[in-house]
Amino acid sequence: MSKAKLTTTAGNPVSDNQNSKTAGARGPVLMEDYQLIEKLAHQNRERIPERVVHAKGWGAFGTFTVTNDITKYTRASIFSEIGKKTELVARFSTVAGELGAADAERDVRGFALKFYTDEGNWDMVGNNTPVFFVRDPYKFPDFIHTQKRHPKTNLRSKTAMWDFWSLSPESLHQITILMSDRGIPTDPMHMNGYGSHTYSFWNDKGERFWVKFHFKTQQGHKHLTDQESEKVIGESRESYQEALFGAIEKGDFPKWDVKVQIMPEKDAEKTSYNPFDLTKVWPHGEYPLIDVGVMELNRNAENYFTDIEMAAYSPSNVVPGIGFSPDKMLQARVFSYADAHRYRLGTHYEALPVNRPKSPANHYHKDGSMRFFDNFTSNPDAYYEPNSFNGPAEDPSVKEPPLRISGDADRYNHRDGNDDYTQAGNLFRLFDSKQKERLFNNIAGAMDGVPEEIIQRQLIHFHKADPEYAQGVADAVGVKNKAASK
Ligand code: NDP
């Protein structure tokens with residue numbers, strides 16, 4: 001095969017890619033050396049803003065296959081028949097670490113999936129935990145500030161983290177997961193994923209059900225202790241990328257069982273906990289897991305930047321048969337994720353190859369920078385709506401049933417009457433004595449150097465979840481457990 005000719009971006013052949021054009025062998029460089037200027041200018045523009053959260057990630061392409069019929073709950077075409085396969089792109093991430101952060105750090109992991117369904121893209125932008133630190137979106141930017149760098153020291157601050165957490169009791173459930181064994185999975189294959197939020201399903205009869213999504217690893221859970229992770233990071237900062245990329249290259253394709261919990265619409269009025277509260281799970285005993293299918297990752301990206309870094313996930317991407325819920329955090333994310341991509345990638349980020357739906361996208365958005373696609377080439381008169389030129393029109397058959405939730409508009413105190421302790425305590429009581437011991441030590445390590453006043457405030461929360469929890473942490477930290485005498 002003959003070698004392709006090097007050209008400028010305008011396709012002009014380049015005669016010399018080694019030597020700049022200078023006035024005499026000793027320089028200086030002539031301004032007309034356009035190829036040199038273009039090369040330097042492109043290098044200056046190689047980086048785009050990293051994500052504010054979930055900057056460090058690893059991903060791959062794969063397939064979702066339906067194994068069980070759930071059409072009585074949802075009309076979503078992705079679930080329409082057993083055996084149906086849908087392509088997807090997955091991206092896993094840490095939350096707090098920047099783009100160059102080490103992979104094997106203690107943190108929640110993002111678990112984001114984009115399913116290229118035949119009714120457009122469905123994005124399931126979850127985590128490897130079923131709950132989150134906050135339940136009201138007002139608290140999200142503050143929470144993330146505590147996970148990032150202190151404005152003066154430019155260091156991460158354990159004091160800020162525990163100060164915020166101890167003043168936000170709703171974080172206790174997620175803290176317990178984060179500080180447990182599952183806080184450092186060995187790699188993306190050995191962890192579960194969760195939609196975390198409550199979403200809704202609606203069927204072809206117009207009935208709505210509340211739903212939670214679960215992705216259970218078929219590889220089993222594998223974790224690192226704090227000491228093991230230090231060793232891994234000492235040897236490689238890219239251990240997740242190596243593991244995921246390597247497994248798929250070898251043909252060792254990771255799989256997850258996809259399951260849902262279904263809650264009849266009316267039950268939401270009677271559960272003791274708010275089923276739309278992101279700090280709560282629905283106990284399996286009350287809402288058992290129902291099989292849906294299997295997700296497999298089986299193809300590595302050809303180009304990490306265009307396939308994974310530019311993969312733009314947003315909970316706003318739902319398909320007919322899947323809807324939102326009153327979860328306040330979900331509703332804020334419906335805005336903020338798409339907005340983050342407009343900022344990071346540009347207005348037309350959904351038209352980039354990795355984000356482009358595999359079904360037709362017909363809309364009337366116009367122009368703007370980097371508008372490189374054209375939806376109506378065969379129909380140039382249909383550039384507004386309604387029109388008489390046979391342009392794309394709405395489809396009332398995919399109308400979602402009404403959301404039967406109402407109340408007086410107000411700023412309700414999200415901490416009033418909320419039990420932040422029972423579910424965190426239930427998780428703690430699931431752990432055996434060795435797991436509890438590691439939990440206490442992980443928390444003690446994470447509290448190193450934090451003022452005692454803050455530690456004592458946090459011990460009260462541990463005590464309310466389970467007195468043994470507070471005592472164990474106090475002993476590991478080496479402070480008096482004042483919570484026990486309150
Ligand atoms: P179950 O005994 O039916 O389920 C316990 C769940 O805990 C399983 O899903 C298990 O996941 C998961 N689990 C085990 N160890 C950890 C850990 N270190 N971090 C996070 N999850 C873990 O109990 P319930 O449904 O009644 O829930 C009891 C508690 O379990 C909850 O308060 C919650 O903290 C936790 N949990 C519940 C989930 C739910 O959706 N109901 C989901 C995840 C956690 P696996 O099966 O993969 O081992």
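Are F64 and F115 buried or exposed? In this predicted model, both F64 and F115 are buried, where buried denotes a relative accessible area under 20%, exposed over 50%, and partly exposed the range in between (1.4 Å probe, protein chains only). Residues are numbered from 1 along each chain as its sequence is written, and side-chain values use heavy atoms, with hydrogens and water left out. Local features require pLDDT of at least 70 and side-chain atom pairs pLDDT 80 or more, whereas totals for chains, interfaces and linings use all residues.

The structure contains 29 aromatic pairs, defined by rings of Phe, Tyr and Trp (its six-membered ring) with centres within 6.5 Å; planes under 30 degrees apart are stacked, over 60 edge-to-face, and the rest tilted. The ring centres of F64 and F115 are 5.8 Å apart and the planes stand at 80°, so this pair is edge-to-face. It links distant parts of the chain, F64 belonging to strand β1 (residues 57–66) and F115 to strand β3 (residues 109–117), 51 residues apart; helices (H or I, at least four residues) and strands (E, at least two) are DSSP runs numbered from the N terminus.

F79 and W122 also form an edge-to-face pair, with 6.0 Å between centres and 75° between planes. Because F79 lies in the loop between β1 and β2 (85–94) and W122 in strand β4 (residues 120–127), the pair ties together parts 43 residues apart in sequence. F79 is buried at a relative accessible area of 3%, and W122 is buried at 2%. One aromatic cluster comprises F132, F133, F140, F143, W162, F164, W165, F428, F440, F462 and Y469.

Charges also sit over rings (NZ of Lys or CZ of Arg within 6 Å of the ring centre and within 35 degrees of the ring normal). K114 lies over the face of Y313 at 5.3 Å from the ring centre, and the charged end of R299 sits over the ring of F61, 4.2 Å from its centre.

The ligand is surrounded by 20 residues, the closest being H173, R182, N192, K216 and H284; a residue is counted if one of its heavy atoms lies within 4 Å. An oxygen atom of the ligand is 2.7 Å from a side-chain N or O atom of R182. Polar side-chain atoms of N192 and of K216 each lie 2.7 Å from an oxygen atom of the ligand. Helix α9 (422–430) is among the elements supplying at least two shell residues, and contributes the largest share, four residues.

Terms used. Polar contact = N/O pair within 3.5 Å; in protein donor to acceptor, adjacent residues only side chain to side chain.
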